[in-house]
Structures are given as C-alpha cells and as structure tokens.
Amino acid sequence: RNIGRQNFSDAVETCKNSGGRLFEPRSETLSSLLQTFLSIGSSCSEKFAWIGIEDNKYASDNKPIEFRKQFYIGGFAVLYLTGDWYGTSKDTYPFLAVCELPLTNTECATVGTIFVEDSFTVSNNNTC
C-alpha cells in the first residue's frame with residue numbers, strides 16, 4: 001500500500017500499525033516489483049522509495065538481508081526509479097513509502113496494495 005512520502009522511521013511505524021511492514025525486497029523479483037510500482041504508480045517526482053532495510057538488516061526482524069542490489073553498501077536503503085538501491089545515513093528524507101501486507105488481509109479493498117508473502121507476523125490485524 002502506498003502510504004505517501006514519509007521519513008524512514010515514520011514509514012516503518014505506519015506500516016507496522018497497519019499490520020504489515022515497510023516493503024522488504026528479499027529477491028530480485030520483489031525488488032523489480034517495487035520498481036514497477038514506483039515507475040507506474042507514482043508521479044515523475046517520485047524517484048526514490050524507502051525499503052525496509054537498515055544497515056544490511058531487515059527493519060521488521062533485524063535479521064541480515066538475504067539479497068542486495070549492487071550499489072547498496074549500508075545505511076537506510078532506498079530504491080531508485082532505475083531499480084538500483086542506495087544507502088543514506090539520514091532517515092529524515094521524505095521519500096515514497098510502500099507497505100507490504102500479509103496475504104490474510106485480501107478480503108479488504110486493496111487498490112494500490114502489494115501482497116507478497118505471509119511469512120511475517122501481523123502486529124495489528126485491524127478490520128477494514
């Protein structure tokens with residue numbers, strides 16, 4: 001779900017409170033999915049999107065990342081419109097944020113929502 005422009009910390013918290021997590025591309029396929037979402041579903045001014053990675057660990061569970069793109073070394077991870085990942089030492093930039101939600105929420109209206117995996121714990125299962 002596109003939650004608009006937010007800083008990293010607010011994006012992580014907003015996604016968590018929605019029962020999901022900030023998008024965590026754990027494969028090339030998922031990274032490409034977010035890139036497509038960014039290029040099709042956003043205005044031309046949206047060139048960067050936060051991804052749920054901080055210092056080579058997933059923001060949702062603090063586990064080491066399983067997949068990385070070539071230019072990401074560390075810091076707060078962002079996906080650029082080209083599909084490349086970069087790291088920044090500042091989490092205060094207002095970049096686009098996209099939540100990924102568990103598949104169990106598919107009975108709700110889901111326009112603009114990305115459902116990928118149901119392997120993470122739902123922290124808050126709000127009704128629609």
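This is a predicted model: local features need pLDDT of at least 70, side-chain atom pairs count only at pLDDT 80 or more; totals for chains, interfaces and linings use all residues.
Residues are numbered from 1 along each chain as its sequence is written, and side-chain values use heavy atoms, with hydrogens and water left out.

Let's start with the big picture. The protein chain has two helices and eight strands, where helices (H or I, at least four residues) and strands (E, at least two) are DSSP runs, numbered from the N terminus. Read from the N terminus, the order is β-α-β-α-β-β-β-β-β-β. Of the chain's 128 residues, 41% are buried; that means under 20% relative accessible area, while exposed is over 50% and partly exposed is in between (1.4 Å probe, protein chains only).

Now for the disulfide, a pair of cysteine sulfur atoms within 2.5 Å. There's one in the structure: C15 and C99, with sulfur atoms 2.0 Å apart. C15 sits in helix α1 (residues 8-17) and C99 in strand β7 (residues 95-101), so the pair ties together parts that are 84 residues apart in sequence. C15 is buried, at 0% relative accessible area, and C99 is buried at 0% too.

Finally, find K69 in the loop between β4 (57-58) and β5 (76-80). Is K69 buried or exposed? K69 counts as buried because its relative accessibility is 17%. Leaving out residues up to four places away in sequence, K69 touches E28, S31, G83 and W85 (contact means heavy atoms within 4.5 Å).
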